[in-house]
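Student: Hi! Could you walk me through this one before I set anything up?
Tutor: Happy to, let's look at it together.

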Amino acid sequence: MFNTGKKLTILAIGAHGDDIELACGGTLAKAVKNRHEVIMVLVTGHASNDHNNIKIRAQGAAQQEAKAAAKILGVSKLHILGYQDTFVPYSAELVSKLDDIIADCKPDIIFTHFVFDTHQDHIRTAHSTISAARRQNTILLYEPMNPSGQGYVPFRPQIYTDISQTIDTKINSLKAHKSQYKKYTDTWIEAVVARAKFRGFEMGVDYAECFEVVRAELNL
Ligand SMILES: [Zn+2]
């Protein structure tokens, strides 16, 4: 659908370190492998605590892990906006920051969160991205992952990517988020692989990721 032979610029925007890798790490790694440019935006990158106020990761660790994961995927540039976890706004300020990034890199495809996710940071990141991408032709929403994907509107898988050749890179990028890997253990990794297997089964390949469309340009 998008393979026009030209080099594409792909912009992936996520609220927290690991969101993008979980949802579209295989797709991004595949894009890099096929010589497209991938740029990532981490809206937070701040220290984070869980709901019991127990520290999950310090600010330095959050940013280091994000950089390590982006490097594994082959991302050419990682923007870290530094908003505090759980307090990402849907605001003129955030939209303006994303406006600047979009104006600078002129992406052909933008990936962001599913708008009916249950995490407030994910929802506001998605809304801010859609506002900032008002003049962009292709915006795709990546599949939410539990525990934040338990919304009241189901995700509709509409576009699939075969990630059979890059599932290992995706998993390595997830493991680079050491604090999350420690928190969720191997069960987390197994669930991610199982979901990719399930999505792959739906399209007749080994592993896949899927997306819902906000808007898509059909290149003929
Ligand atoms: Zn998240």
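Tutor: Let's begin with a right-handed β-α-β unit, which is made by β1, α1 and β2. Bear in mind that the model is predicted.

Student: Thanks. How do β1 and strand β2 run, and how many bridges join them?
Tutor: They run parallel, and six bridges join β1 to strand β2, which covers residues 37-42. In that pairing, threonine 9 of the chain stands opposite glutamate 37 in β2.

Student: How many residues of β1 are buried?
Tutor: Six of its six residues are buried, so β1 is mostly covered, taking under 20% relative accessible area as buried.

Student: Which residues of β1 point one way, and which the other way?
Tutor: Thr9, Leu11 and Ile13 point one way, while Ile10, Ala12 and Gly14 point the other way. Both sets are buried.

Student: What about β1 and β6, in which sense do they pair?
Tutor: In the parallel sense, over three bridges. Isoleucine 10 stands opposite isoleucine 109 in β6, and leucine 11 stands opposite isoleucine 110 in β6.

Student: And which way do the residues of strand β6 point?
Tutor: Strand β6 spans residues 109-112, with Ile109 and Phe111 pointing one way and Ile110 and Thr112 the other way. All of them are buried.

Student: Which residue is the bridge partner of isoleucine 110 in β7?
Tutor: Isoleucine 139. Strand β7 covers residues 139-142, and three bridges join β6 to β7, with the two running parallel. There is a helix in this part too: β6, α4 and β7 make a right-handed β-α-β unit.

Student: Okay, next residue: where is valine 43?
Tutor: Valine 43 is in the loop between β2 and β3 (48-49). Its relative accessibility is 0%, so valine 43 counts as buried.

Student: What is valine 43 in contact with?
Tutor: Leaving aside neighbours within four places in sequence, the contacts of valine 43 include Ile13, Gly14 and Ala15, then Leu81, Gly82 and Tyr83, and also Thr125. Val88 and Leu94 are on the list too. As for lysine 97, it is 54 residues from valine 43 in sequence and 9.9 Å away in space, C-alpha to C-alpha.

Student: And leucine 174, buried or exposed?
Tutor: Buried, because its relative accessibility is 0%. Leucine 174 is placed in helix α5, residues 167-175.

Student: Which residues does leucine 174 touch?
Tutor: Not counting residues up to four places away in sequence, leucine 174 touches Asp18, Glu21, Leu22, Trp188, Ile189 and Val192.

Student: Last thing, the overall picture. How many helices and strands are there?
Tutor: The protein chain comes to six helices and nine strands. Its radius of gyration is 16 Å, close to the 17 Å that the globule rule gives for 220 residues, so the chain is as compact as a globular protein of that length. The C-alpha trace spans about 50 × 40 × 35 Å along its principal axes.

Student: What share of the protein chain is buried?
Tutor: Buried residues make up 48% of the 220 residues. Among contacts between residues at least 6 apart in sequence, 79% join residues at least 24 apart.

Conventions. Residues numbered from 1 in each chain as written. Predicted model: local features only at pLDDT ≥ 70, side-chain atom pairs only at ≥ 80, totals over all residues. Heavy atoms only, no water. Buried < 20%, exposed > 50% of the residue type's maximum accessible area, 1.4 Å probe, protein only. Helix = DSSP H or I, 4+ residues; strand = E, 2+ residues; numbered from the N terminus. Pairing = 2+ DSSP bridges. Right-handed = clockwise from strand over helix to strand, strands pointing away. Contact = heavy atoms within 4.5 Å. Rg over C-alpha atoms; globule rule 2.2 N^0.38 Å.
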